[in-house]
Amino acid sequence: MTKTVILVVEDDAPVRNLITTTLDAHDYKYLVAANGRTAIMETSSHNPDIILLDLGLPDMDGVEVIRRIRTWSNVPIIVISARSESTDKIEALDTGADDYLTKPFSVEELLARLRVTRRRLAVMQTGNASPVFMNGSLKLDYAAGRVWMGENELHLTPIEYKLLCILSQNVGKVLTHTYITQKIWGSSWENDVASLRVFMATLRKKLTVDPDMPTLIQTHIGVGYQMLRVD
Ligand code: CA
């Protein structure tokens with residue numbers, strides 16, 4: 001089996017070393033870059049499987065690095081942010097990042113994010129052209145427009161269904177409020193975000209047929225939502 005190659009973009013040497021030591025110990029291969037320019041070059045020449053990207057780089061903003069890489073590549077990007085404000089993460093996610101880690105983070109958190117992203121990568125690589133989406137007990141037939149949890153067919157409103165489609169089509173990825181409301185209503189006013197919360201609550205209630213099943217939809221407070229792959 002070929003090892004997953006991670007490009008680690010981080011100018012802070014101790015943090016970079018912590019990450020690369022962790023990757024080494026868990027059978028990942030890695031490349032490193034200490035600034036944005038090198039990160040873009042390494043991505044274009046070595047085509048890594050996943051990028052871990054610090055947002056505060058000496059030569060350019062991490063968000064700009066995402067913007068440039070997204071002009072030609074869909075490589076999963078996990079943003080590392082030292083800043084506690086959620087706006088940076090949100091901007092990074094809206095620009096095309098897949099997930100984020102906030103400094104200081106634990107080795108376990110880093111490994112968990114990588115696992116989620118690898119699963120997402122595996123789905124991306126198999127083409128994902130299937131009209132049926134399965135995740136744990138959830139079955140979504142896009143072609144028929146029908147949803148089941150185990151044996152039970154769910155009756156969703158058009159907006160709940162659309163919401164579920166957006167989340168499932170981006171399974172493993174953190175979607176911001178702006179991204180989701182834009183997809184559903186074509187706008188992202190404060191009212192839309194408030195409505196989104198209401199629809200999300202009713203959707204979740206309908207999805208909770210089996211209380212023992214792990215939570216499918218994770219809330220990122222102040223940021224957005226993420227569907228986790230549970231099977
Ligand atoms: Ca930094």
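Predicted model: local features only at pLDDT ≥ 70, side-chain atom pairs only at ≥ 80, totals over all residues.
Donors are N, O and S atoms that lie within 3.2 Å of the metal when that metal is Ca. The protein donors of the ion are D11 (OD), D54 (OD) and G56 (O), at 2.2 to 2.4 Å from it. Along the chain, these donors follow the spacing D-x42-D-x1-G. Two of the donors can be described further by their accessibility. D54 has a relative accessible area of 3%, so this residue is buried, as the cut-off for that class is under 20%. G56, in contrast, is partly exposed, with a relative accessible area of 36%.

D54 also leads from the calcium site to the salt bridges. Together with E10 and K103, D54 belongs to a network of salt bridges, while D54 is also a donor of the calcium ion. In the whole structure, a search finds 11 salt bridges. Side chains of opposite charge can pair when their charged atoms come close.

D98 is buried, its relative accessible area being 2%. The side chain of D98 also meets that of R120 in a salt bridge, at 2.9 Å from N to O. Because R120 lies in helix α5 (residues 107-125) and D98 in the loop between α4 and β5, this pair ties together parts that are 22 residues apart in sequence. R120 and D98 are both buried.

The pair formed by R146 and E153 has another setting. Their side chains meet in a salt bridge, at 2.8 Å from N to O. R146 is partly exposed, with 37% relative accessibility, and E153 is likewise partly exposed, at 28%.

Finally, attention turns to helix α6. This helix covers residues 158-169, which makes 12 residues. From its first C-alpha to its last, α6 reaches 16 Å, close to the 16 Å expected at 1.5 Å a residue. The buried residues of α6 are E160, Y161, L163, L164, C165, I166, L167 and S168. An α-helix has 3.6 residues a turn, so residues three or four places apart point the same way.

How values were computed:
Residues numbered from 1 in each chain as written. Heavy atoms only, no water. Donors = N, O, S within 2.8 Å, 3.2 Å for Na, K, Ca; no water. Buried < 20%, exposed > 50% of the residue type's maximum accessible area, 1.4 Å probe, protein only. Helix = DSSP H or I, 4+ residues; strand = E, 2+ residues; numbered from the N terminus. Expected span 1.5 Å × (residues − 1). Salt bridge = Lys/Arg side-chain N within 4 Å of Asp/Glu carboxyl O.
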